[in-house]
Amino acid sequence: MDPLGKLYERRVNRRKFMAGIGAAGATTALAGCGSSQPVITSTSTAVGDSDILNFALNLEYLEAQFYLHAATGSGLLATDIGSSPGTVTGGAQVTGLTSAQQNILNEIAYDEQQHVRFLRSALGSAAVAMPNIDIVNSFNALASAAGIGSSFNPYASFNSFLVGAFIFEDVGVTAYSGAAPLISTAGIAAGYLTAAAGIMAVEAYHAAYVRTALTAGAIALGTTAFPYLTYANQVSTLRASLGGGNETTLTIPSGTTSATSIVTPSAIVASTSANAIAYARTTDQVLHIVYGTANGSGVAKGGFFPNGLNGKISVTAS
Amino acid sequence: MATQETQTLDNIIASRRALLVGGGAALAALAMPGIAHAASSTTGFGDTDILNFALNLEYLEANFYYLAAFGTNISSANTLYPTGAMVQGITGTGTQGTVLVKASPKVPFVNLSVASYAVETAIEEGKHVAFLRSALGPAAVAQPQIDLMTSFNALASAAGIGSAFDPFASDANFLIGAYIFEDVGVTAYNGAAPLFTTGTTGKTYLAAAAGILAVEAYHAGLVRTTINALDPTGTLGYMTLTQQVSALRAKLALAAAPSPASVYDATPDDYGVTPGTITVSLGGGASVSRSQIVDADPTNVTAFSRSTTQVLNIVTGGGATTANTKATGVFFPNGLNGLIS
């Protein structure tokens, strides 16, 4: 068996599962209104604003480490990752970039670094330390699970980097979109909602950049010479299977400009086809994606987080 | 009988109710540093008023993109409509208006990508109109009078771009025209998000507004990315145009900034696309240059939030600086429909 594929096996860390579910007492189960939505269960009794922000902080640690490594070859400063932090496995500088491409990497890396600092500052002493992060084996396992190949190196070229970035950005949007309505009334008054919505918008700007660049590359070169759009869509399909659907695959526009016969337009925006509203994911759905594991309760680690997230929201409830 | 929209909203509610139960934990001890969120200028307004405010803006955006992509406004049938583009309703409360635009506004696109983006965005903004009208039901406001001709000339003049600007003239002009709207949409939805009521209905609207906010940011990112790609070094002048537009928006936002000034986001609250002339420090390394695809606060990198009055002042070109007086001008010559106007 492919050892990397093991990352995508369903994992159950029994001890953490019991700590997360059992200690919280009653769990709430809700049927999904007869739709395709999975039944949502949650340890609802003790999840507050700081837990939501710490959940976001874990994701920002991951994004910041990925982008900083891609842009510079090294990661976050020790002062930005808390006390007794985890370690980062993998990560490398993308070389051979044009200055315009390097500027893009630098911008996104900076943005995510500042999100880490901002959330850590907001949480103060309640901020979780950086958990163990894997940004090499995770990509290989994900590529294998998505059918891209047995390995995938997002640091090999600018276009490979775009696929790596694609993995994160739309997930960030759906995670913040899902979290925004969870913030308490007191939290709204304290500015958390404005902060979360503001970060979500930035993740959407990033996602739009990545999706536009991938689409433009495929338009210019075709999907044979430019296979990266196809890779991204394979990732999207995998994310859909792990994260409750909530995906819009990229398309290459068909038609001509002269006759205004755009038969199929681009799909830069990831949103519902009914209302063009961006998807929202539950924390469970996000955990399943970043852990690289299919639906089920008690999933506590895997994928990009080999030892799981730090904080209260770290084990799937369904 | 659930419509698709209400079913979507029901699903959102169901999937969140569990966590909402525990969401009331107050964290007063946590202080959010560096956040100066725009103060509400809508005291006394309800969820319906906020959604109608958004609907006015979506009427504006959808008409712009429909006209650019298809040559017709959102309430007109057109055989060019691809799947997903539909005739939208524009009736409702308030005074229904028309759209002032030049003859044959369909952009003579030469770039397939840009043409496709226009079509995609038109479809999505049209759906936002339909969604908000469906959510509001009989409370939806009518489309107000909209000006997509002299408005751009006035804005161009105010921004120092020249006495006339035709956003329907070319691929590049279309992108600059789109640029004017999209970042404003982001700041408007961001500013509106905390204004919703905190009950189940308000949370449902908040979830939808957050989703639309993200889509506006996707659009803004798309437009800024494409401008950046067409003019990577700034030699064609497109980046300068975005900076001039952003500077004007920031000026108009500042003129309508809530008081005290301490709650106002920042000065400026808008950044155009730049060709890597900004330097930042990454990790422990030396300073490096970066691009400016994202329009956000330069320190915390959170998108800006504007009050309804600030947004009104931008879309009316400075018409909202007198309290309790209906703002008129530029894109909305007769003002918006609804209470927030």
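User: Is the crossing where helix 7 of chain A passes helix 6 of chain B left-handed or right-handed?

Analyst: The crossing of helix 7 of chain A past helix 6 of chain B is right-handed, and please keep in mind throughout that this is a predicted model.

User: What does M200(A) touch, not counting residues up to four places away in sequence?

Analyst: M200(A) touches V173(A), Y176(A), S177(A) and A180(A) in chain A, and it also touches A210(B) and A214(B) from chain B.

User: And which residues touch the most other members of the largest nonpolar core?

Analyst: That core has 215 residues, and those touching the most other members are A196(A), M200(A), A201(A), A118(B), L213(B) and A214(B). Helix 7 of chain A, spanning residues 192-225, supplies the largest share of this core, with 19 residues. As background, nonpolar side chains in soluble globular proteins tend to be buried together.

User: Back to helix 6 of chain B: is Y218(B) buried or exposed?

Analyst: Y218(B), which lies in helix 6 of chain B, is buried, because 33 other C-beta atoms lie within 10 Å and the cut-off for buried is 20 or more. Leaving aside neighbours within four places in sequence, Y218(B) is in contact with A204(A), A207(A), A208(A), I268(A) and V269(A).

User: How far apart are the C-alpha atoms of Y218(B) and S116(B)?

Analyst: Those C-alpha atoms are separated by 15 Å, although the two residues are 102 residues apart along the chain.

User: OK, and how do helix 3 and helix 6 of chain B pack, at what angle?

Analyst: Helix 3 (residues 112-136) and helix 6 (residues 200-230) of chain B pack at an angle of about 165°, with their axes 12 Å apart, and they are therefore roughly antiparallel to each other. The crossing of this pair is left-handed. Among the residues that meet there are Y117(B), T121(B), E124(B) and H128(B) in helix 3 of chain B, and I212(B), V215(B), H219(B) and L222(B) in helix 6 of chain B.

User: Switching to helix 2 of chain B: how many of its residues are buried?

Analyst: Helix 2 of chain B is mostly covered, with 22 of its 24 residues buried. This helix, residues 47-70, reaches 33 Å from its first C-alpha to its last, which is close to the 34 Å expected at 1.5 Å a residue. The residue that follows helix 2 of chain B is G71(B), whose phi is positive, near 85°.

User: What about V330(B), where does it lie?

Analyst: V330(B) lies in the segment after helix 8 (308-315) of chain B, and its phi, near 50°, is a positive value in a residue other than glycine. With 21 C-beta neighbours inside 10 Å, V330(B) counts as buried.

User: Last one, for my notes: how many helices and strands are there in chain A, and how many in chain B?

Analyst: Chain A has 9 helices and 4 strands, and chain B has 8 helices and 4 strands. Buried residues make up 62% of the 318 residues in chain A, and in chain B they make up 59% of 341. Considering contacts with a separation of 6 or more, residues 24 or more positions apart account for 67% in chain A and 73% in chain B.

Conventions
Residues numbered from 1 in each chain as written. Chains lettered and ligands numbered in written order. Predicted model: local features only at pLDDT ≥ 70, side-chain atom pairs only at ≥ 80, totals over all residues. Helix = DSSP H or I, 4+ residues; strand = E, 2+ residues; numbered from the N terminus. Expected span 1.5 Å × (residues − 1). Buried ≥ 20, exposed ≤ 12 C-beta atoms within 10 Å, placed from the backbone. Contact = placed C-beta atoms within 7 Å. Core = buried A, V, L, I, M, F, W, Y, C linked by C-beta atoms within 7 Å. Axes fitted to C-alpha atoms, helices over the stretch in contact; angles between N-to-C directions. Parallel < 35°, antiparallel > 145°, perpendicular 65-115°, else oblique. Left-handed = near helix turned anticlockwise from the far one by under 90°.
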